[in-house]
Amino acid sequence: MLRNILKISGMFLILLSATATSKICFAQTLDISINKTALAKEEKTEESLDLEARKKILTKIIDTAQSEINGLKEKLNRFDLNEDWQKIRDEFLNNLSNLQSYYQTLEEKFSGEITIEDIKIMAKELKDRREKNYTSELKKITNMILIFETEDILKIVNGRMNKISADVKKLAKQNLIKTDVLKIYLSQAEKHLKNAEGYKKDAKDLYFKTIDGILGITEQQEATSTEKETIIKKEDMTEIQDSIRNLIKESIMELRATYDIFFKMNDRIKKYL
């Protein structure tokens with residue numbers, strides 16, 4: 001029994017540690033764009049670059065952007081969503097496809113006659129488009145991805161928690177070891193898990209208030225549409241998305257605290273082996 005608990009929690013902790021850490025890293029680096037860096041390079045060195053060098057830089061920017069979009073599409077399509085969230089995803093997928101078409105149009109221009117001045121105009125147009133439209137869209141998309149990925153982790157953690165809790169009860173019933181400390185640890189873990197669920201729910205609810213333009217308003221939504229509009233008018237959309245991101249990070253940190261306690265439980269059980 002003891003070895004089974006160690007095996008269950010140990011394997012789970014390794015999995016969750018890697019997964020949660022990757023989510024945190026993802027959340028912390030979402031706003032860092034290779035494209036933005038490349039565009040800055042184009043601006044700083046524009047006087048010293050010839051036509052072919054400029055084409056290579058812009059091609060690299062576009063290729064990176066296309067890879068980024070493909071990655072976002074793949075992540076969005078992983079989730080099993082209800083009808084309302086499917087509408088949101090479909091809108092995002094449509095916007096991403098339109099952006100890909102725009103990039104393809106730029107690439108096609110490279111096959112014809114093009115001047116350095118044309119490259120400069122395209123680079124500025126690309127930068128302006130990202131800053132005015134895509135950057136804010138990217139935050140919405142990545143926040144949605146983070147919300148549902150965190151939700152998936154929560155389901156896994158809850159399942160493992162139930163399993164470990166059941167095993168601790170069996171140990172107590174069979175009088176194999178003293179379980180008082182383990183029960184305290186479980187209570188602490190349950191509290192962190194409840195907090196993680198709360199932060200995730202708050203993030204999801206706040207997110208839903210920012211997408212009225214995507215969804216068809218139902219009767220229930222009509223009753224609160226004025227309230228939603230007021231919320232969005234009071235706070236800049238970027239700040240709302242930042243608030244959502246922070247709530248997701250808080251949820252992930254609570255999940256990390258949960259498996260930190262599982263590690264302590266592992267150490268405690270090892271003393272009896």
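## Helix 4 against helix 6

Helix 4 and helix 6 pack with their axes 12 Å apart, at an angle of about 65 degrees. The two helices are therefore roughly perpendicular to each other. Helix 4 passes helix 6 in a left-handed crossing. On the helix 4 side the contact uses D84, W85, I88 and F92, and on the helix 6 side K204, Y207 and F208. By class, the contact of helix 4 with helix 6 has five nonpolar residues, two charged ones and no polar ones.

The model is predicted, and its confidence is treated under the next heading.

## Confidence

The average pLDDT of the protein is 79, and 73% of the residues score at least 70. Among the elements of the protein, helix 6 (residues 180–208) has the highest mean pLDDT, 95, while helix 7 (residues 219–234) has the lowest, 45.

Residues 24–35 have a pLDDT below 50, and this stretch makes 24 contacts in the model beyond near neighbours in sequence. The pLDDT also stays under 50 over residues 216–231, for which the model has 10 contacts beyond four places in sequence.

## Helix 4 against helix 5

The axes of helix 4 (residues 83–110) and helix 5 (residues 116–174) come within 11 Å and cross at roughly 155 degrees. That angle makes helix 4 roughly antiparallel to helix 5. The crossing of helix 4 and helix 5 is left-handed.

Helix 4 contributes W85, I88, R89, F92, N95, L96, L99, Y102, Y103, L106, K109 and F110 to the contact, and helix 5 contributes I119, M122, E125, L126, R129, R130, Y134, E137, K140, I141, M144 and F148. The residues of this contact of helix 4 with helix 5 divide into 16 nonpolar, seven charged and one polar.

## Helix 3 against helix 4

Helix 3 (residues 51–76) packs against helix 4 at an angle of about 160 degrees, the axes being 10 Å apart. That makes helix 3 roughly antiparallel to helix 4. The crossing of helix 3 and helix 4 is left-handed.

From helix 3, the residues K55, L58, T59, I62, D63, A65, Q66, I69, N70, L72, K73 and L76 take part. In helix 4 they meet R89, F92, L93, L96, S97, L99, Q100, Y103, Q104, L106, E107 and F110. The residues of the contact of helix 3 with helix 4 divide into 13 nonpolar, six polar and five charged.

F92 of helix 4 is listed in the contact with helix 3, in the contact with helix 5 and in the contact with helix 6. W85 and I88 are listed in the contact with helix 5 and in the contact with helix 6. R89 is listed in the contact with helix 3 and in the contact with helix 5.

## Salt bridges

With a cut-off of 4 Å between the side-chain nitrogen and the carboxyl oxygen, the count comes to 10 salt bridges. One of them joins K139 and D242, whose closest N and O atoms are 2.4 Å apart. K139 lies in helix 5 and D242 in helix 8 (residues 237–270), so the pair ties together parts that are 103 residues apart in sequence.

Conventions. Residues numbered from 1 in each chain as written. Predicted model: local features only at pLDDT ≥ 70, side-chain atom pairs only at ≥ 80, totals over all residues. Heavy atoms only, no water. Axes fitted to C-alpha atoms, helices over the stretch in contact; angles between N-to-C directions. Helix = DSSP H or I, 4+ residues; strand = E, 2+ residues; numbered from the N terminus. Parallel < 35°, antiparallel > 145°, perpendicular 65-115°, else oblique. Left-handed = near helix turned anticlockwise from the far one by under 90°. Contact = heavy atoms within 4.5 Å. Nonpolar A, V, L, I, M, F, W, Y, C, P; charged D, E, K, R; others polar. pLDDT = per-residue confidence, 0-100.
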